[in-house]
Amino acid sequence: MTYQVLARKWRPRDFGSLIGQEHVVKALRHAFAGQRLHHAYLFTGTRGVGKTTLARIVAKCLNCEAGVSAEPCGRCAACSEIEGGRFVDYVEMDAASNRGVDEMTQLLERAVYSPTSGRFKVYMIDEVHQLSGHAFNAMLKTLEEPPAHLKFILATTDPQKVPVTVLSRCLQFNLKLMPQGAIVAHLARVLEAEGVAFEPEALPPLARAAAGSMRDALSLLDQAIAHGAGSVGAADVRAMLGTVDETYLLRLLEALAQEDGRALLAIADEMQARSLSFDAALRDLASLLQRIAVAQSVPRALEEDLPERERIEALAQRLDPETVQLHYQIALQGREDLPLAPDEHAGFAMTLLRMLTFLPEASGGEARPAHRAKPAAAAPSRPGAGFEGDWPALARNLGVSGLVRELARNAELARYEDGLFDLVVPRAMSHLADKGYQEKLKAALERHLGRPARVRVTPGDVRGTSVAAAESNERSARRAEAARAVNGDRFVQDLVNLFDGKIVDSSIRDVKK
Ligand SMILES: [Zn+2]
């Protein structure tokens, strides 16, 4: 018996088995049950959400020998031929590869003839937005006055590129991305029906990687079954996807919330003992922090059946939003710094300690408990000799932490006049221009300078003179210098010649400390 891939075997054959598109199914069922047939349907949605599958179901509804209905029999010649892609009156055309006017003209010329064996001719045009302008015009004529026996099903991932004249003649349905919980539940059903052993915690990472597409989820499941030699284990799936067990990441954030440095480092050691990728860990940690931030700003935004939902929501309650933002930023930065660290474990541990050290200031501008910030930096500076115009030097010595520190580090001084610090931050960091952070920066400047100050922060064009930009330039320069040293090294050159090798610049790491 030949093995049939799961995505094909489990392709929905009727409205009842189509998962996650209840709103579309309800409307279509209602229309077919009431015999209210439209001559053109447009299905929109990203790839893999089931547009072609839905088109085949609609073609069966229209052509089932038992009559037009929302419940095609699935057994008659028309139903099974449509299912198998052999029905002469059902044509699937991919506009991405047949975008010219000739293909469209040929198709439309055939449209005037009555169906050969079915009730209706059904033309399914996928990626319809890719048709050329002439091809659209040719189609429009038929759409305006369609023969009674012709139905169009158009599908697109990019409805904005479909001319309004076409849109206005179609009944439009937007197919949604499949929720993660629905994918997990479906994968479990498939595995049970197929008699494949699996660990439940193996499924959420697969669903996440599928990013809303059931077809991708089933393809990944096929790979996972092959990878696990017939069963689906969580460790195998994580190895296959290169993802990190989320329980490690949740434990890390819980340790951070408890300000428990010892636990933090113990978890990092545990991860190293399991040879987990620290680069993947920082990427997945950022993704987890993003979900926590969503839970904080939009209550109940997390899916009901999202795995680990309770732990994520507990963290969302426990960490304040500013801390989550800061951890996120540090995770991204830590990932960038990882190749420069003495080794990945050290780089990862330093990133975690940075999260522990630079907790945002408590409200009122007071620095939080001493162990987290260097006493010298946390203590308010004595009133200085005034501001001489060297903003980076001032920004480095303000003794602020958290996102206020990020604001000071990423801002450039556009102008200084009458005690007003006119600062610009890169547009990509416009969140740093938040009024609350501006207030805290103003308080820190007044503490440091010993006199009143005003602060104005606007997102805009930057020249690269901020503390952060200077540090980034320094890192690039060190990387370039290391690359020059490696490329110019006689021994390395001999190796390259001997083995006919090539130096990959991005693999060069600066280990000078
Ligand atoms: Zn049928």
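Helix α8 (residues 180-194) and helix α10 (residues 214-227) cross at roughly 45°, with their axes within 11 Å. The model is predicted, so local features need pLDDT of at least 70 and side-chain atom pairs pLDDT 80 or more, while totals for chains, interfaces and linings use all residues. Residues are numbered from 1 along each chain as its sequence is written, and side-chain values use heavy atoms, without hydrogens or water.

**Helices α8 and α10**
- Ala 182, Ile 183, His 186, Leu 187, Val 190 and Leu 191 of α8 contact Met 214, Ala 217, Leu 218, Leu 221 and Ile 225 of α10 (heavy atoms within 4.5 Å).

**Helices α16 and α17**
- The axes of α16 (residues 321-337) and α17 (residues 344-357) come within 9 Å and cross at roughly 155°.
- The two helices are therefore roughly antiparallel (over 145 degrees).
- On the α16 side, the contact includes His 327, Ile 330 and Ala 331; α17 supplies Thr 351, Arg 354 and Met 355.

**Zinc site**
- Cys 64, Cys 73, Cys 76 and Cys 79 each give an SG donor to the zinc ion, at 2.3 to 2.4 Å (donors are N, O and S atoms within 2.8 Å of the metal, or 3.2 Å for Na, K and Ca).
- The site is tetrahedral, with angles of 102 to 120° among its four donor atoms (all angles must lie between 85 and 135 degrees).
- Along the chain, the donors follow the spacing C-x8-C-x2-C-x2-C.
- Cys 76 and Cys 79 are buried (under 20% relative accessible area, 1.4 Å probe, protein chains only).

How values were computed. Four donors count as tetrahedral if all angles lie between 85 and 135 degrees; four count as square planar and six as octahedral if opposite donors are over 155 degrees apart and all others between 65 and 115; anything else is irregular. Buried means under 20% relative accessible area, exposed over 50%, partly exposed in between (1.4 Å probe, protein chains only). Axes are lines fitted to C-alpha atoms, for helices over the stretch in contact, and angles run from 0 to 180 degrees between N-to-C directions. Helices (H or I, at least four residues) and strands (E, at least two) are DSSP runs, numbered from the N terminus. Angles under 35 degrees count as roughly parallel, over 145 as roughly antiparallel, 65 to 115 as roughly perpendicular and the rest as oblique.
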